[in-house]
Amino acid sequence: AFIEVLGPVAAAAQVRSGDVPGPVAGETAARRTTDRADADLEAAHEAGARLLVPEDAAWPRDALAPCLLAGVPTLAPPVALWVRGPRQAAELSARAVAVVGARAATSYGTHVAGELGAGLAAAGATVVSGAAIGIDGAAHRGCLAVDGATVAVLACGVDRAYPAAHSTLLERIAATGLVVSEYPPGSVPARHRFLVRNRLIAALGAGTVVVEAALRSGAHRTAADTEALGRVVMAVPGPVTSGPSAGCHKLIRDGALLVTSADDVVEAVGRLSVDLAPEPDRPARRTDGLGRAAALVHDALPARGGRDTRWLARESGLPPDGIRAALTELERRGLALDLGGRDVLD
């Protein structure tokens with residue numbers, strides 16, 4: 001808010017001098033004499049990263065606009081972003097979906113997250129996540145598997161591989177997509193930083209899909225931030241006996257949209273009447289399309305043996321003329337056979 005009033009250059013100068021209102025002093029007093037600007041920029045350059053500020057054309061202003069409009073301090077937009085990768089944040093966030101979930105994911109959860117990542121990428125959407133073990137990593141990998149664009153939002157510097165097990169994954173993301181953080185190079189992960197970064201994951205996507213989550217989890221925080229920003233909250237159901245899906249089931253009970261595929265997600269966050277999920281394939285039956293009379297006669301016909309039209313009239317409640325017309329339709333479609341005046345199911 002102080003920057004919004006004075007602009008970044010004047011605000012920084014007054015922070016350094018200590019000539020700031022009480023609330024700003026409370027946030028900056030401990031570190032106001034520490035000037036790491038040149039060192040941070042040099043470290044970013046060595047890591048192949050750059051500093052993105054709101055004045056840049058690549059700043060994701062449309063995605064971050066709700067952070068200002070929400071009027072919630074914990075949802076305030078970032079002052080700047082450190083980014084590593086060849087893509088532009090504004091471009092990638094124009095059509096993006098966040099996919100988040102449990103670190104202690106099940107094989108079911110990682111499979112679904114991977115399928116969602118691949119399906120969303122195939123539909124032209126960017127997959128945003130936090131590069132964590134479990135659901136996050138599976139969503140990133142699914143996206144990369146089909147050469148899609150993905151964004152990893154970190155709770156540490158973009159020059160650090162966290163978690164270490166995902167160092168190769170983060171390099172792949174940085175090579176084709178974008179690794180993003182509010183924290184300067186060298187910053188180490190901390191619990192409060194994960195909570196802060198969750199609002200960025202929520203803001204950069206048009207909606208958030210929670211694949212698996214416990215009743216208390218960081219994914220729930222991301223879902224809450226998504227709702228506060230006016231974005232679509234979605235959740236994938238799991239077995240009712242599954243603890244890792246309990247959080248998803250609670251989100252659905254509380255109003256989150258139940259989704260089971262990338263098509264469902266695209267329909268939820270896409271253009272009205274355009275990005276519609278295809279109707280699921282339904283098993284076809286030989287009796288599909290039968291008229292009412294033919295359906296009644298077909299139901300009345302025995303599976304074995306034959307019956308005459310008078311018996312069929314009693315069973316179906318149709319007049320004899322209606323029975324004959326229905327039998328003609330059934331014979332034409334191969335659903336009944338004429339056994340010399342008696343008809344039977346084929």
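This note walks through a helix pair, a pocket and a cavity in the structure above.

1. A word on the basis. This is a predicted model, in which local features need pLDDT of at least 70 and side-chain atom pairs count only at pLDDT 80 or more, while totals for chains, interfaces and linings use all residues. Residues are numbered from 1 along each chain as its sequence is written, and side-chain values use heavy atoms, with hydrogens and water left out.

2. Let's start with the helix pair. Helix H5 (residues 61-69) and H10 have axes that come within 8 Å and cross at roughly 125 degrees. Helices here are DSSP runs of H or I with at least four residues, strands are runs of E with at least two, and both are numbered from the N terminus. The axes are lines fitted to C-alpha atoms over the stretch in contact, with angles from 0 to 180 degrees between N-to-C directions.

3. Which residues of H5 and H10 meet? Ala63, Leu64 and Cys67 come from H5, and Leu200, Ala203 and Leu204 from H10, with contact taken as heavy atoms within 4.5 Å. This contact has 6 nonpolar residues, no polar and no charged ones. Nonpolar means Ala, Val, Leu, Ile, Met, Phe, Trp, Tyr, Cys and Pro; charged means Asp, Glu, Lys and Arg; the others, Gly among them, are polar.

4. H10 turns up again at the second largest pocket, where H10 gives the most to the lining, with 6 residues. The pocket has a volume of about 480 Å³ and 19 lining residues, with Arg103, Asn198, Ser217, Gly218 and Ala219 nearest its centre. On a 1 Å grid over the protein atoms alone, a pocket is an open set of points with protein on both sides within 12 Å along at least five of seven lines; a cavity is a set where a 1.4 Å probe fits but cannot get out; lining residues have an atom within 4 Å of a point. Volume is the space filled by probe spheres set on the points, which are joined across faces, edges and corners. The pocket lining comprises 8 nonpolar, 5 polar and 6 charged residues.

5. Finally, the search of the whole structure finds 1 cavity of 30 Å³ or more. The largest cavity holds about 60 Å³ of space. Its lining has 9 nonpolar residues, 1 polar and no charged, and includes Leu204. Helix H6 (89-93) gives the most to this lining, with 3 residues.
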